[in-house]
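Hi there,

Here is the structure I promised to pass on to you. Please have a look at it first, and then read my notes below.

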Amino acid sequence: MLELSALLSFIQRGGPLMWPLCGLLFWLNALLLERCWYVLCVWPARQQAYLKLAPRQGDSLSWVRRQRAVCLGGATHELQQGLRLVRNLIKLCPMLGLLGTVCGMLQVFDALALGVPPSDPGVGNAIASACLTTLMGMGSALLGWVLHGRLQRRITHHLQQLQDGLACEVTDAN
């Protein structure tokens with residue numbers, strides 16, 4: 001319960017743009033978790049299905065190669081599904097954080113223009129709001145970027161395995 005109150009206090013100190021940032025981070029992590037689950041749990045069975053359905057013999061070698069390319073295209077689409085949205089959400093995180101920074105700094109400048117001394121708690125809260133939204137936006141983007149990169153490497157590895165397996169099938173067919 002103490003952790004939840006500390007988290008809510010952190011979000012409230014960050015200002016009004018922290019809530020959209022939290023929602024964005026939740027959405028980003030949900031998409032990344034779904035893709036990780038798919039790649040780690042669902043894909044191995046799908047890969048075996050692709051290898052079983054791959055053409056072994058055909059009218060010509062070019063037909064087998066065409067079918068292989070169609071199979072690889074379908075697998076690529078399956079594995080890459082949703083990653084463009086993930087990349088766009090990662091790009092959006094620091095932008096939203098910087099928007100919060102600008103809003104916080106505008107509050108600071110407004111207070112200073114009204115003659116409020118810089119040592120006033122209101123000025124300190126506005127600066128904290130600006131810094132916390134930047135921290136949240138950049139931290140979210142870094143975390144998403146690292147997870148997306150690891151996931152992309154895993155997907156590339158799986159596609160290479162499938163391509164190698166299909167190449168063996170074509171070689172065996174001729």
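Helix 1 touches helix 2 through Leu8, Phe10 and Ile11, which meet Met18, Trp19 and Cys22 on the helix 2 side. By class, this contact has six nonpolar residues, no polar and no charged ones. The axes of helix 1 (residues 2-13) and helix 2 come within 8 Å, with a crossing angle of roughly 120°. The two helices are therefore oblique to each other. Please bear in mind throughout that this is a predicted model.

The axes of helix 2 and helix 4 (residues 83-113) come within 10 Å and cross at roughly 155°. An angle over 145 degrees counts as roughly antiparallel, and helix 2 and helix 4 are therefore roughly antiparallel to each other. Their crossing is left-handed. On the helix 2 side, the contact is made by Pro20, Leu21, Leu24, Trp27, Leu28, Leu31, Leu32 and Arg35. Helix 4 answers with Leu83, Leu85, Val86, Leu89, Ile90, Leu92, Cys93, Leu96 and Gly97. Sorted by class, the residues of this contact are 15 nonpolar, one polar and one charged.

Next comes the pairing of helix 2 with helix 3. The axes of helix 2 and helix 3 (residues 61-80) come within 10 Å as well, and they cross at roughly 165°. That makes helix 2 roughly antiparallel to helix 3. The crossing of helix 2 and helix 3 is right-handed, whereas that of helix 2 and helix 4 is left-handed. From helix 2, the residues in contact are Arg35, Tyr38, Val39, Trp43, Arg46 and Tyr50, and from helix 3 they are Cys71, Gly74, Ala75, Glu78 and Leu79. This contact holds seven nonpolar residues, one polar and three charged. You will meet Arg35 in both lists: Arg35 of helix 2 takes part in the contact with helix 4 and in the contact with helix 3.

Last, the pocket. How much space lies in the largest pocket? The volume is about 180 Å³. Its lining consists of Cys36, Val39, Leu40, Leu147, Arg150, Leu151, Arg153 and Arg154. By class, the lining has five nonpolar residues, no polar ones and three charged.

Best wishes

Methods:
Residues are numbered from 1 along each chain as its sequence is written. This is a predicted model: local features need pLDDT of at least 70, side-chain atom pairs count only at pLDDT 80 or more; totals for chains, interfaces and linings use all residues. Side-chain values use heavy atoms; hydrogens and water are left out. On a 1 Å grid over the protein atoms alone, a cavity is a set of points where a 1.4 Å probe fits but cannot get out, and a pocket is an open set with protein on both sides within 12 Å along at least five of seven lines; lining residues have an atom within 4 Å of a point. Grid points are joined across faces, edges and corners, and a volume is the space filled by probe spheres set on the points. Ala, Val, Leu, Ile, Met, Phe, Trp, Tyr, Cys and Pro count as nonpolar, Asp, Glu, Lys and Arg as charged, and the others, Gly among them, as polar. Axes are lines fitted to C-alpha atoms, for helices over the stretch in contact, and angles run from 0 to 180 degrees between N-to-C directions. Helices (H or I, at least four residues) and strands (E, at least two) are DSSP runs, numbered from the N terminus. Angles under 35 degrees count as roughly parallel, over 145 as roughly antiparallel, 65 to 115 as roughly perpendicular and the rest as oblique. A crossing is left-handed if the near helix is turned anticlockwise from the far one by less than a right angle, and right-handed if clockwise. Contact means heavy atoms within 4.5 Å.
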